[in-house]
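Open your viewer and get the selection tool ready. We will take a short walk together, one stop at a time.

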Amino acid sequence: MKQNTLIALAAVFSYTAVPISAQTVPTSEPWSDSIFPEDFFLDTNLEYSKHVLSLQRGVTDRAAYQLNAFANGELQTGKLYLSGHLSFSHYNERTDTAGKFPILGRFPDQHTTGKSADESIIDNINLSLTYAANDWVSIYLGGIYTELEFPHQDDKQLREASITIGNLKKTPFYLSVGRKTVNFGNMQAYNPTTHTVTNHYYRTDTDDLAAEFGYLTKDWHLTFTAIDGNRQLRVADSTSDGSFGNFALSAQRNFNVCDWDISVGAGYLNSTIYDSDAANHPGVSPDPLTMRDRNGAYDFWVEAKKDRWSFMAEYTQTERAWPATGRSVQALTLQAAYDTELWSKPTRFSVAYGRGQQGYEDDAFHELEQLAAGMELWVTPNFSISAEYVYNRAFVPLIMISRVSDPGVDTHTFIISGKVFF
């Protein structure tokens, strides 16, 4: 997209997303995130939108957050909630090996054949609808437009469509059925724009029907998710073509220790894409003659928060070796964030380190590493600007991993981004 067009679109989206009250009242009056009249059928909720539409913040807990939003009065039954999100970025990339740019979340056709690249793009535009006719049943629809789509996928997709049955005021049990991100792992990122290594390797999105059975309280969140057996949009895969031929388990415990809010989680995905001797991700048809053997994955994570500080660690590993590499697939993410204010505006400084391993030390595809440092400043409650530096070591694409990997690649990427929510 041409840069001038991108800037114009961002300006229009930013203005229309600002609540009417914020456009018309003096700046000394409190901010309101209500766009529509209070008694109107259609409504918005900024904090809810910032969680469910963020690709960095709320990744695997959509159903739980939605249930809590209705239980605590953040959302009201009988209203249709419209949520929107626009993320736009300028990427400046430098590599020491021509044509090899290993930054996560971008695909080969978003780079050049040279040693540098500059591009302004729309990372994603998200729109969603949330509606509950009564205290027990709610509906969620989420669509996305992106200029970072996987090859052979559409730039406009209905990513999520689910019905959730549950009422936390009456029972801690719930059922959420539909197309969704599976509750497996945490997968969130503290940094503003770039995916974590764990998210890159293991975030699980369904293309077919999934059913999440959950138990949710202040201290516990337990889930069992039944997943269709064939290849899903991301990571879940099984040799079974039958309905609900795959599944995931997740457990989270929340507690407080010495004024630190601690969350500990563990998960299991029964069958992953790391099951074949050919490295193929969704969208690339596997060779029918290749060997496939079920390969599950375990995930463990811990997060600690106190005052302005947040720390998190997440580790995920397959049960057995990936036939394509001969070693298990491991992903590690370590990250920290400090929340403060600059020019009286809420600001987050963050740093995240990630490592992915799937080979022996002598293999060209042995491992990749990523280090990201960022700053995000909220100019208004619904509009932020951010700057991020990302260092990547080794070019190890998970497609054709044994053919094109190069351990000697070093890249430096600078990202300037803006995000708008309503």
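Here is a tour of a predicted model, with something to select at each stop.

Stop 1: Select residues 62-71, which form helix α4. Is this helix mostly covered or mostly open? Mostly covered: eight of its ten residues are buried. Color them to see who they are: R62, A63, A64, Y65, Q66, L67, A69 and F70. Now step just past the end of α4 and click on G73, where phi is positive, at about 85 degrees.

**Stop 2: a cavity.** The structure holds three cavities of 30 Å³ or more. How can such spaces be found? Rolling a probe the size of a water molecule over the atoms shows where empty space is left. The largest cavity has about 60 Å³ of space.

**Stop 3: a surface patch.** Switch to a surface view and select L129, W136, V137, I139, L141, L158, I163 and I165. Together they make a nonpolar patch of about 630 Å². Two elements, β4 (137-145) and β5 (156-166), each give two or more residues to this patch.

**Last stop: one leucine.** Zoom in on L141, in strand β4. Why does L141 count as partly exposed? Because its relative accessibility is 37%, and partly exposed covers the range between under 20% (buried) and over 50% (exposed).

Note on methods
Residues numbered from 1 in each chain as written. Predicted model: local features only at pLDDT ≥ 70, side-chain atom pairs only at ≥ 80, totals over all residues. Heavy atoms only, no water. Buried < 20%, exposed > 50% of the residue type's maximum accessible area, 1.4 Å probe, protein only. Helix = DSSP H or I, 4+ residues; strand = E, 2+ residues; numbered from the N terminus. Patch = residues over 30% accessible without salt bridge, like charges linked within 9 Å, V, L, I, M, F, W, Y side chains within 5 Å. Areas by Shrake-Rupley, 256 points an atom, 1.4 Å probe, with all protein chains shown as cover. Salt bridge = Lys/Arg side-chain N within 4 Å of Asp/Glu carboxyl O. 1 Å grid on protein atoms, 1.4 Å probe; cavity = no way out; pocket = protein on both sides within 12 Å on 5 of 7 lines; lining within 4 Å. Points joined across faces, edges and corners; volume = space filled by probe spheres on them.
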